[in-house]
Amino acid sequence: MEQKYVPSEYGKPRFNCPSCAAFSAQDWYEYVEGDYGQLQFERYLREVTGEEKHFNHIVNGFYSNNVFAMSMCASCEKPSFWVKGQLVYPQTSPVPSPHSDMPEEIKKLYEEASSIVMVSHRASVAILRLAVEKLLPELGAKKDTIDKMIGELVSKGLPESIQKALDSLRVIGNNAVHPGKIDLEGEDGFEVALSLFNLLNFVVEKMITEKNKINEIYSLIPKGMKKRIESRDGVFLDGK
Ligand SMILES: [Zn+2]
């Protein structure tokens, strides 16, 4: 059985360690104003956040004006570093960053899936499926089941490679929710999950980034020419 995942959070006494993924106790060390070494930490904060001022508020009982804090995992004894209540080290996931053109709502789900992939492949894959469900209307499908939305886009000429990427995300995602024939445990499951992150980025590259680039170039064509293109019916194929 998979244990419940508790994300790392500033000031919490126990969570799943970003280094070893174990659910373990955390020892906290804070550097508050006036502490030895504060100057170095202030410089560090400036580099990381670009801000000069520190704010005086409390998160989970810890002062977060403290510039810098460290939590030490009782299980692997590795430190995590926090600046202004935000985890800055270690980078928590081997998953590639979300595509820069990924719509915001989908990016959030992608990052959530990425943050838990080391703990549960299945949960991660299930969230990716949800991300696809949110992405399809952005690609021009009418809101419906994922299956139907992909079908609609296929009928509008969706390239086969994109259809296959989307269906992989859909079917393997379903499998994560209702366990079936695809094994998502162990090393292999991790590889599958990782591939799905790449597929989602691939879909965004093809369906959003490349389309935008082409539309940008196309918008340079004068209006009159565009009208001729639109009413061409195959006549002006080589621009003659
Ligand atoms: Zn650890």
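Me: What should I know about the model and its numbering?
Reply: This is a predicted model, in which local features need pLDDT of at least 70, side-chain atom pairs count only at pLDDT 80 or more, and totals for chains, interfaces and linings use all residues. Side-chain values use heavy atoms, with hydrogens and water left out, and residues are numbered from 1 along each chain as its sequence is written.

Me: In what order do the elements of the chain run from the N terminus?
Reply: Helices (H or I, at least four residues) and strands (E, at least two) are DSSP runs, numbered from the N terminus. The chain has seven helices and seven strands. Their order is β-β-α-β-β-β-β-β-α-α-α-α-α-α.

Me: What percentage of the residues of the chain count as buried?
Reply: Buried means under 20% relative accessible area, exposed over 50%, and partly exposed in between (1.4 Å probe, protein chains only). The chain has 240 residues, and the buried share is 35%.

Me: Which arrangement do the four donor atoms around the zinc ion make?
Reply: Donors are N, O and S atoms within 2.8 Å of the metal (3.2 Å for Na, K and Ca); water is not among the atoms, so sites may look incomplete. Here the protein donors are the SG atoms of Cys-17, Cys-20, Cys-73 and Cys-76, at 2.3 to 2.4 Å from the zinc ion. Four donors count as tetrahedral if all angles lie between 85 and 135 degrees. The angles here are 104 to 116°, so the arrangement is tetrahedral.

Me: How many residues apart in sequence are the parts that Cys-17 and Cys-73 tie together?
Reply: The zinc donors follow the spacing C-x2-C-x52-C-x2-C along the chain. Cys-17 lies in the loop between strand E1 (14-16) and strand E2 (23-31), whereas Cys-73 lies in strand E5 (residues 68-73), so the pair ties together parts whose separation in sequence is 56 residues.

Me: Are Cys-17 and Cys-73 buried or exposed?
Reply: Cys-17 has a relative accessible area of 3%, so it is buried. Cys-73 is at 1%, so this residue also counts as buried.

Me: Which residue has its backbone oxygen 2.8 Å from a polar atom of the His-121 side chain?
Reply: His-121 lies in helix H3 (residues 121-138). At 14% relative accessibility, it counts as buried. Contact means heavy atoms within 4.5 Å; leaving aside neighbours within four places in sequence, the contacts of His-121 include Glu-185, Gly-189 and Phe-190. The backbone oxygen belongs to Leu-184.

Me: With which side chain does the side chain of His-99 make a polar contact?
Reply: A polar contact is a pair of N or O atoms within 3.5 Å; within protein, one must be able to donate a hydrogen and the other to accept it, and residues adjacent in sequence count only if both atoms are side-chain atoms. His-99 sits in the loop between strand E7 (86-89) and H2. It is buried, with a relative accessible area of 15%. Its side chain makes the polar contact, at 2.6 Å, with that of Glu-205.

Me: What is phi of Glu-77 near?
Reply: Most residues other than glycine have a negative phi. Glu-77 lies in the loop between E5 and strand E6 (79-83), and it is exposed, with a relative accessible area of 61%. Its phi is positive, near 60°.

Me: Is Pro-137 buried, partly exposed or exposed?
Reply: Pro-137 is found in helix H3. Leaving aside neighbours within four places in sequence, it is in contact with Lys-143 and Met-149. Its relative accessibility is 24%, so Pro-137 counts as partly exposed.

Notes
Four donors count as tetrahedral if all angles lie between 85 and 135 degrees; four count as square planar and six as octahedral if opposite donors are over 155 degrees apart and all others between 65 and 115; anything else is irregular.
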